[in-house]
Amino acid sequence: MELCSFILTQFRDLGITKIIEGSFNGRTTGSGPVDLGSNPSPSATMNLMGYTKKCNPFFLKGGRMKEVSKIYDCNVETTIETIKQSIIDNLFCNQAKFPQVATRNDYYLALSHYVRDRLLYRWMKSAQTYFTNQSRTAIYMSAEFLIGPQLGNNLINLDMYEQVKEAVAELGLSIYELMDQEEEPGLGNGGLGRLAACYMDSMATCQIPAIGYGIRYEFGIFDQSIRDGWQIEMTDKWLRFGNPWEIPHPEMRYQVKLGGRTEKFYDKDGKFRVNWIPDRIIIGTPFDTPVLGYGVNNANMLRLWKAEACESFDFKAFNIGDYYKAVDEKVSSENITKVLYPNDEPLVGKKLRLEQQYFMISCSLQDMLRIYLQKGKTVNNFSNKYAIQLNDTHPALAVAELMRLLVDEYNTEWDLAWDITTKTFAYTNHTLLPEALEKWPLSLLNTVLPRHLEIIYEINIRFLENVKAKFPGDNGILSRLSLIEEGNEKQVRMANLACVGSHAINGVAKLHSELLKETVLSDFYALWPEKFSNKTNGVTPRRFMVLSNPSLTSLITKSIGKDWIRNLDELKKLEQLSGDISFHDEWQNVKLECKKTLATIIQRITGISVAPESLFDIQVKRIHEYKRQHLNVLNILTLYNRLKKGMLKDICPRTFIFGGKAAPGYYVAKLIIKLINSVAELINNDPDVNGKIKVVFYPDFNVKNAQRIYPAANLSEQISTAGKEASGTGNMKFSLNGALTIGTLDGANVEIREEVGEENFFLFGLTAAEVERVKREGYRPKDIYNSNSELREVIDFIGSGALSHGDRNLFRPIINSLLERDDYMLFADYEYYIKCQEAVNEAYRDTYKWTRMSILNVARMGKFSSDRAINEYAEQIWKIKPINVEM
């Protein structure tokens, strides 16, 4: 009672004179707000105790769930005052702070908990609805979920952004600063993880019951800084201040076996059985994040697994002074979920990555079986409950693991188990690069997962019998389709396992899907053409337009209404405004303001001053040779040489902006980053080109930074070698924000060009078919080097030491690769690219033409919504219908 009196006094001293009616120990304590202006009475003290319970929206009374406060009821109006009050309450309840000492992070957490409470209300209603209806559920199984910061996106989906912005302002705070306080969740690396996040958003928006399963990486991949032009990898401590969006469930733990051996025996019924006796057992603990849809009450679950030791502390070892051994099991177990994609060059790295992938799929499948058996009596109808989408090959071992669980743990006959498995899984392929299709050495698989190797052998034997029946006498196709790759070191092909174990296989862009059928999966297409389909990727407009570009969102909504946010095809209505001069002016002003904002950030982060009026030419994506950032560099140096020679008298000022991370073990990619920064150092300090061109490398590209970059772009560089990019989604995000694309006919570029019109797309380069033909006929890059004087001048300049303080050898690996092999056809496309960039310059000089092209790009991008993609998956692969959640 003394504590409560103290609390009431603190509230009164802070000027908070009223509290909302609460409850204490299940008893009603008042009929209205209690005045804190006077000395607290015993009844007021009791009421405050109930009020502080408002941190949890529900409490138990008589075995029932009851709402603590009407503020959690979605039907009760939320006001600026209640929002402010709740933020202050959460400072007290969750942060144990009062306003005068609270930090910006305290306020961010207080606001986040307020928002999360509203998510939880919808999440619980959704879970209850799905459970009651026994809804068929989509499972998105992915090694990455690059979800990005959650606060802003959740405010958008709750339709509370403007209200909260105003409430926060009245507290003397900035919503932008609070959102900026949030750490980027280190749960993904690139397009694969961002696609998974977009799909989680769209599954909720499209009212598809779904669960996302992945890994809760403690340190993500890495934070990138640039020192002396080189990429420096730093630990991504994204969890150091906590994560207010996740709900841990330490009571819900699953055992994951690793290593050991198997024993064969016959049970009492004479049935052949196998017992796996592991060397180690890891514990998987789930952390749940609610994912709310836009304009609906549906909220789905993202469940991420953390690895823990069965025994985290060896007391006996500690007592004899062996302090390292005392925590050895804890360290080795937790390593599994420490870092996204551990370097797999050494054998120990390969082993850790295999353990990491298996840990994720084993925890997830065990969890799904637990949920299913809450209502199902046997596992026989498991495939009627779940549709599991494998996001690339990382979770492909789930095919063998589900068979193990069904056969070994649930005593299911093999044929029935296989029928359940193949009806449950579907596989999305994300790459055309053969080297990117995962394979695991048999010796490693036997060491880590001996039972799974036995199951894979059995699957393979039965599968190849079917292949023999369809292709008698064709040993070549048997060898190519086999799950086991022969050679000096036998390996298990994970893409083959995914194809054999799935009832559906899809690519992620029209071109990609056709090339899959013609190249890396051609034999599977010959065997099962009915399994194959295309599902072109999409992105969520909620994050990449509404949240990232509020000015453009406001202009579009003012002009055509707000329905486009849930139905992106509505953007088509902008076409009628593409010739409206006054609309042009507004469109240009929006873009200029976005560029001014980015220019300010660039100045702060890099120290480089850029002109917002210049053409912002942007290439931000993972650094890889096939994405050809170095082709962009060749164009910049060609432009530089022309300027130095006085050949360009009337050039549009241009700012070239790069961003992206290189894999830590990928030396050439890191050298490309160094080259970009060396070119930037040269050009940005040369007075002869000052005011004409600038070069910037924007460090640590991630979702948070992408939201600042996409809205500011005039030109989007999508210049990968044709036939190498599966789809790409950055191209879609740029176009949705009004950037024009310069690109090859690769990935989703093909469909973007079809949609926006070829006259609104800057196309260059060889097609995928032409690339293959040139290589087949004998590609000689050195001949192109010798015959093209501008290209030769640029290559020689890079090798001269002028960009490396006299060191002629620094960039030699890049030069030698281009001259001797040029695997990604930079020289073949160089001249076409230079001429296309000249066309860009001419188009940008015509403000009316460029603005009209920009408007039409946005207007015709409706196809590229992730909502459209999810509806296609749900209707054609998962066979799941939307479930409406009512509050």
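User: Which residues of strand 17 point one way, and which the other way?
Analyst: In this predicted model, every residue of strand 17 named here is buried, whichever way its side chain points. In a regular strand, side chains alternate between the two faces of the sheet. Accordingly, one set consists of Tyr-386, Ile-388 and Leu-390, and the other of Ala-387, Gln-389 and Asn-391.

User: How many residues of strand 17 are buried?
Analyst: A residue counts as buried when its relative accessible area is under 20%. Strand 17 is largely enclosed by the rest of the structure, because the number of its residues that are buried is six of the six.

User: In which sense does strand 17 pair with strand 7 and with strand 18?
Analyst: Strand 7, residues 137–141, is joined to strand 17 by five bridges, and Tyr-140 stands opposite Gln-389. Strand 18 is paired with strand 17 over four bridges, with Asn-391 opposite Thr-428. The sense of the pairing with strand 7 is parallel, and that with strand 18 is also parallel.

User: Which elements do the buried residues of helix 15 pack against?
Analyst: The buried residues of helix 15 are Trp-414, Ala-417, Ile-420, Thr-421, Thr-422 and Thr-424. Their packing partners include two strands, strand 17 (386–391) and strand 18 (425–428). The helices they pack against are helix 13 (382–385), helix 14 (398–409), helix 17 (450–470) and helix 19 (494–500).

User: Is Thr-421 buried or exposed, and which residues does it touch?
Analyst: Thr-421 belongs to helix 15, which spans residues 414–424. Its relative accessible area is 0%, so Thr-421 is buried. Leaving aside residues up to four places away in sequence, Thr-421 touches Val-399, Leu-402, Met-403, Leu-406 and Gly-501.

User: Are Glu-575 and Arg-860 buried or partly exposed?
Analyst: The side chains of Glu-575 and Arg-860 meet in a salt bridge of 3.1 Å, N to O. Glu-575 lies in the loop between helix 23 and helix 24, and Arg-860 in the loop between helix 35 and helix 36, so the pair ties together parts that are 285 residues apart in sequence. At a relative accessible area of 24%, Glu-575 is partly exposed, whereas Arg-860, at 17%, is buried.

User: Are Asp-829 and Arg-628 buried or exposed?
Analyst: Asp-829 forms a salt bridge with Arg-628, and the closest N and O atoms are 2.9 Å apart. Asp-829 is in helix 34 and Arg-628 in the loop between strand 24 and helix 25, so the pair ties together parts that are 201 residues apart in sequence. Both Asp-829 and Arg-628 are buried.

User: Which residues make the nonpolar surface patch, and what is its area?
Analyst: One of its members is Phe-318, which is in helix 9. Phe-318 is partly exposed, because its relative accessible area is 35%. Together, Phe-313, Phe-315, Phe-318 and Tyr-323 make a patch of about 430 Å².

User: What pLDDT does the chain average, and where does the pLDDT fall below 50?
Analyst: The average over the chain is 91, and 91% of the residues score at least 70. The pLDDT is below 50 over residues 1–8, a stretch with 14 contacts beyond near neighbours in sequence. It also stays under 50 in a stretch with 117 contacts beyond four places in sequence, namely residues 14–71.

Note on methods:
Residues are numbered from 1 along each chain as its sequence is written. This is a predicted model: local features need pLDDT of at least 70, side-chain atom pairs count only at pLDDT 80 or more; totals for chains, interfaces and linings use all residues. Side-chain values use heavy atoms; hydrogens and water are left out. Patches are made of residues with over 30% relative accessible area and no salt bridge: like charges are joined within 9 Å, nonpolar side chains (Val, Leu, Ile, Met, Phe, Trp, Tyr) within 5 Å. Accessible areas come from the Shrake-Rupley method with a 1.4 Å probe; for residues, only the protein chains shown count as cover. A salt bridge is a side-chain nitrogen of Lys or Arg within 4 Å of a carboxyl oxygen of Asp or Glu. Buried means under 20% relative accessible area, exposed over 50%, partly exposed in between (1.4 Å probe, protein chains only). pLDDT is the predictor's confidence in each residue, from 0 to 100. Contact means heavy atoms within 4.5 Å. Two strands pair if DSSP finds at least two bridges between them.
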